[in-house]
Amino acid sequence: MSNVHVFDHPLIQHKLTYIRDVNTGTKEFRELVDEVATLMAYEITRDLQLQEIEIETPIGPAKSNVIAGKKLGIIPILRAGLGMVEGILELIPAARVGHVGLYRDPETLKPVEYYVKLPNDVAERRLIVVDPMLATGGSAVEAINSIKKRGAKNITFMCLVAAPEGVEVLTEAHPDVDVYIAAMDEKLNEEGYIVPGLGDAGDRLFGTK
């Protein structure tokens, strides 16, 4: 799939190993997720357009480049997606942050939207939708549906760990969305967890069970 990108950067893979480790505590888990989000954002923004401006250095005038074109937005899927926001903002502090909240209907098991708050100029921004896990793909598909309904046109999805089943569902539903993954795992188990995965990302980020 040409719009699916799996990172093989050694620093990302190194840190992801400790994110997976059951012995990694909440504090270190949060810090590592932040760090991997920063590294992934660095790679995702590689194609940002530049424009040349004139500045004054301590030595004299110079022409140099700054970022041009579309502004950026970060859209975490609540709640686990919140754990990746600060890491991206460290790299792109001017980015706006929106939120999409979903819960799973206990009868249909399908995601249901309960909260959406986006930047006013969402149609003019390149949006990075973030969630640590891409398991069944249902939440990612519904979150992107919600954003598109509100005018978004340029969307990227970013996660730490994905199952092939979820990637297939997401790319079929939204073939125009580039998907960036730190690791493509083996499969989903009977309970819908990614194998080997990293457990419940929300619980590990916020110290809940």
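## The largest pocket

The lining of the largest pocket in this predicted model divides into 13 nonpolar, 7 polar and 6 charged residues, where Ala, Val, Leu, Ile, Met, Phe, Trp, Tyr, Cys and Pro count as nonpolar, Asp, Glu, Lys and Arg as charged, and the others, Gly among them, as polar. Of the 26 lining residues, Arg104, Asp131, Met133, Ser139 and Asp200 lie nearest the centre of the pocket. A pocket here is an open set of points on a 1 Å grid over the protein atoms alone, where a 1.4 Å probe fits and protein lies on both sides within 12 Å along at least five of seven lines, and lining residues have an atom within 4 Å of a point.

The space in the largest pocket is about 730 Å³, the volume being that filled by probe spheres set on the grid points, which are joined across faces, edges and corners. At least two lining residues come from each of strand 4 (71-78), strand 6 (99-104), strand 9 (133-134), helix 4 and helix 6 (201-206); helices (H or I, at least four residues) and strands (E, at least two) are DSSP runs numbered from the N terminus.

## Helix 4 with helix 5

Helix 4 (residues 138-149) and helix 5 (residues 164-173) have axes that come within 8 Å and cross at roughly 20 degrees, the axes being lines fitted to C-alpha atoms over the stretch in contact, with angles from 0 to 180 degrees between N-to-C directions. The two helices are therefore roughly parallel to each other (angles under 35 degrees count as roughly parallel, over 145 as roughly antiparallel).

Ala140, Val141 and Ile144 in helix 4 meet Val169, Leu170 and Ala173 in helix 5, contact meaning heavy atoms within 4.5 Å. By class, this contact has 6 nonpolar, no polar and no charged residues.

## Helix 1 with helix 2

Helix 1 (residues 10-20) packs against helix 2 (residues 26-44) at an angle of about 155 degrees, with the axes 9 Å apart. Helix 1 and helix 2 are therefore roughly antiparallel, and their contact has 11 nonpolar, no polar and 2 charged residues.

## Cis peptide bonds

Leu78 and Arg79 are joined by a cis peptide bond with omega of about 5 degrees, and Arg79 lies in the loop between strand 4 and helix 3 (85-91). Another cis peptide bond, with omega of about 0 degrees, joins Val195 and Pro196, and Pro196 is in the loop between strand 13 (194-195) and helix 6.

## Basis of the values

Residues are numbered from 1 along each chain as its sequence is written, and side-chain values use heavy atoms, with hydrogens and water left out. In this predicted model local features need pLDDT of at least 70 and side-chain atom pairs count only at pLDDT 80 or more, whereas totals for chains, interfaces and linings use all residues.

Notes
Angles under 35 degrees count as roughly parallel, over 145 as roughly antiparallel, 65 to 115 as roughly perpendicular and the rest as oblique.
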